Every structure is written in C-alpha cells, then in structure tokens.
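Have a look first, then read on.

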Amino acid sequence: MSHELTGWTANEYEAFVLMIAANADLETDNKELKIIKAKAGAGYEKVEELFSELNDAQRIDVVLENKGQFLKSEQDVNRMKQEVHDIMSANGHISMIEREIEHMLDRMF
C-alpha cells in the first residue's frame with residue numbers, strides 16, 4: 001500500500017520520522033512529544049493519525065517512499081539525522097533499542 005503524503009509539509013514529514021524515533025522504546029515521553037508537536041505545528045493531528053493507523057513496517061515504507069520529496073539535499077538529510085538523535089536523547093539517555101532504530105533511520109536516509 002502506497003502512502004504518498006500529498007499536501008504534507010516537510011515539517012510534518014519530519015515529525016512523522018521523529019514519532020518513529022520517539023516510539024523506538026515503545027514509550028513517547030512528554031519531552032519527546034513536545035519536540036514532535038513543535039515540529040509538526042498545526043499538522044500534528046494529521047501526523048499522529050497516520051502514525052496510529054500504520055504498523056512499524058508500513059511506517060518505514062512511508063518514510064522511504066516520501067524521503068525524496070522532503071529530504072532534497074544533503075543538508076536536509078543531516079538535519080533530519082541530528083533531529084532523530086536529539087529526540088532519542090531527549091530523556092537523558094539512549095537505550096540499546098533506540099540506538100539500533102537511530103542507526104536504521106540513518107541508513108534509510
């Protein structure tokens with residue numbers, strides 16, 4: 001199933017990626033949620049709704065299918081990688097599972 005993010009902004013796409021990162025340890029804490037909501041802005045509900053509808057594999061497909069539309073330059077990719085790292089460490093530590101998810105997302109970009 002294809003999920004083309006027509007009408008989405010780059011910040012909404014990036015918030016979706018950050019939701020995957022924040023949920024890596026199966027918990028999204030308040031610090032992580034605050035970062036995601038700030039990134040998504042008014043589009044947060046749309047981002048959260050799609051995230052909730054999909055399983056992990058489908059979420060990864062969304063990221064892969066749409067990265068070319070939203071991460072157009074090496075600078076965009078580097079910024080996204082840094083934001084993933086920042087959300088992973090928002091609660092003061094990065095668990096092993098979070099570290100593995102971070103590496104997986106890095107490789108995807």
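Q: Which residues touch the most other members of the largest nonpolar core?
A: This is a predicted model, where local features need pLDDT of at least 70, side-chain atom pairs count only at pLDDT 80 or more, and totals for chains, interfaces and linings use all residues. Numbering runs from 1 along each chain as its sequence is written, and side-chain values use heavy atoms, with hydrogens and water left out. A nonpolar core here is a set of buried Ala, Val, Leu, Ile, Met, Phe, Trp, Tyr and Cys residues joined through side-chain atoms within 4.5 Å, buried being under 20% relative accessible area, exposed over 50% and partly exposed in between (1.4 Å probe, protein chains only). Among the 33 residues of the largest one, the top two are F16 and F109.

Q: Which element gives the most to this core?
A: Elements are DSSP runs numbered from the N terminus: helices are H or I with at least four residues, strands are E with at least two. Those giving two or more residues to the core are α1, α2 (30–40), α3 (44–53), α4 (56–70), α5 and α6 (96–108). With nine residues, the top contributor is α1.

Q: What does F109 touch, not counting residues up to four places away in sequence?
A: Contact means heavy atoms within 4.5 Å. By that rule, the partners of F109 are Y13, V17, V63, K67, L71, V77, M80 and K81.

Q: How many of the 13 residues of α1 are buried?
A: Helix α1 reaches 18 Å from its first C-alpha to its last, close to the 18 Å expected at 1.5 Å a residue (1.5 Å times one less than the number of residues). Its cover includes α2, α3, α4, α5 and α6. The buried list runs E12, Y13, E14, A15, F16, V17, L18, M19, I20, A21 and A22. So α1 is mostly covered, and the count is eleven.

Q: At roughly what angle do the axes of α1 and α5 cross?
A: Axes are lines fitted to C-alpha atoms, for helices over the stretch in contact, and angles run from 0 to 180 degrees between N-to-C directions. The axes of α1 (residues 10–22) and α5 (residues 74–88) come within 9 Å, and the crossing angle is roughly 40 degrees.

Q: Why does R59 count as buried?
A: R59 sits in helix α4. Leaving aside neighbours within four places in sequence, R59 is in contact with F16, I20, N23, F51, S52 and L54. R59 counts as buried because its relative accessibility is 10%.

Q: How far apart in space are R107 and L50, C-alpha to C-alpha?
A: R107 is found in helix α6 and is exposed at 64% relative accessible area. In sequence, R107 and L50 are 57 residues apart, and in space the value is 23 Å.
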